[in-house]
Amino acid sequence: MSTRPAAVAVLPAEPGVYRFRDEAGRALYIGRAGNLRRRVSSYWGDLRDRPRLRRMVPQVAGIEALVCASEHEAAWLERNLLEHRKPRWNRARGGQELPVYIRLDATPGAPRLDPVFGVEPRPEVRFFGPYLGSRKVRAAVSALNRCYPLVYTASRLRGAERDLAATRGVDAGDRERLVANIAAVLERSDEAVPTAMELLRVRRDEAAAGLRFEIAAAVQDEIEGLTWVVAPQRATVEGAGDLKMSVRQSGLALHLEINNGRLRQWKQEAHLGADRVVDAPEGWAAFLERNAVLAAELGSPVRAAQL
């Protein structure tokens, strides 16, 4: 087993994407992590059941990383980078998760909230996303339906449906309110998200106190799914345009490029000029500076081709 690089200890215990390079600067592998330090460190642990990685690790001469705002953002960034160009040791171009949207249909006759794999604009229908991970998105939809039972506000309900609507304390007059509540959560409102999370925690704890452990576990899955969906992520933004950004700091230049709303290119190189941030719009400057500092702490960049 090769010795764990000292740079691993520099990595933060935060979500992000990491990249390994060989001595010639070629990208070997791109991955993502909920905890960068723990995940990258694992490559220098027991890999007896990972023969492919055992062959790759001795070739690692440099470690690069971008800290992300959430695991969801890291998932999108990994996918975008791999779709743009796949390093030798990655198995697949892109990721395993499929992009998923959430459809909010406020049609009076049949209002609903459900996950879908495509967008078909129609009156009274809004789409949110895209998100990665259909299982997590389904759990998030289930969470929102539990908190805001929109389907029971339809203008035409049958007998059993009317009984269920009465049990949940809603009718057609609540439709606009529930639509607004759901939209506010999916728009990541600072007030709506904590309110929905608290509703879910109360229902989970009530189920557990009543020894309904399967229900409590299901609600916990919903909490995790909703947390994934509402987490901040800018690596893929529907309808956004193109953008090039860079920061020069601590002897290193970090360049990022967004194409059609997707952060697809990440390059870093040695830079001997003055430190300054270039072409960084509001909201991105802190991200660039943070990751430029991390890049410098990880060590001098190897001769790196763009990826």
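1. Let me start with leucine 256. Setting aside neighbours within four places in sequence, leucine 256 is in contact with Leu66, Leu243, Lys244, Met245, Leu263, Gln265, Trp266, Phe287 and Leu288 (contact being heavy atoms within 4.5 Å). This leucine belongs to strand E8, residues 252-259; strands here are DSSP runs of E with at least two residues, helices are runs of H or I with at least four, and both are numbered from the N terminus. Leucine 256 counts as buried because its relative accessibility is 3%; the classes are buried under 20% relative accessible area, exposed over 50% and partly exposed in between, with a 1.4 Å probe and protein chains only.

2. A word on provenance. This is a predicted model, where local features need pLDDT of at least 70 and side-chain atom pairs count only at pLDDT 80 or more, while totals for chains, interfaces and linings use all residues. Numbering runs from 1 along each chain as its sequence is written, and side-chain values use heavy atoms, with hydrogens and water left out.

3. E1 (residues 16-21) is joined to E3 by 6 bridges, antiparallel, and phenylalanine 20 has isoleucine 63 as its bridge partner in E3. Pairing requires at least two DSSP bridges between two strands.

4. Glutamate 64 deserves a look. It sits in E3, residues 62-67, and counts as buried because its relative accessibility is 4%. Its side chain makes polar contacts with the side chains of arginine 19, at 2.7 Å, and arginine 21, at 3.1 Å. (A polar contact is a pair of N or O atoms within 3.5 Å; within protein, one must be able to donate a hydrogen and the other to accept it, and residues adjacent in sequence count only if both atoms are side-chain atoms.)

5. The other sheet to check is also open: 3 strands, order E5-E4-E6, antiparallel pairing. Its edge strands, E5 (112-116) and E6 (125-132), each pair on one side only. The twist here averages 20° from one strand to the next. E4 (residues 99-105) pairs with E6 over 6 bridges in the antiparallel sense, and proline 99 has leucine 132 as its bridge partner in E6. Helix H4 (residues 134-147) packs on this sheet and touches E4, E5 and E6, its direction making about 175° with that of E5.

6. Finally, the largest pocket, with a volume of about 450 Å³. Of its 25 lining residues, Tyr29, Ile30, Glu78, Asn90 and Arg91 are the closest to its centre. E2, helix H2 (51-56) and H3 each give two or more residues to the lining, and E2 has the largest share, 5 residues. On a 1 Å grid over the protein atoms alone, a pocket is an open set of points where a 1.4 Å probe fits, with protein on both sides within 12 Å along at least five of seven lines; lining residues have an atom within 4 Å of a point. Points are joined across faces, edges and corners, and the volume is the space filled by probe spheres set on them.

How values were computed:
Axes fitted to C-alpha atoms, helices over the stretch in contact; angles between N-to-C directions.
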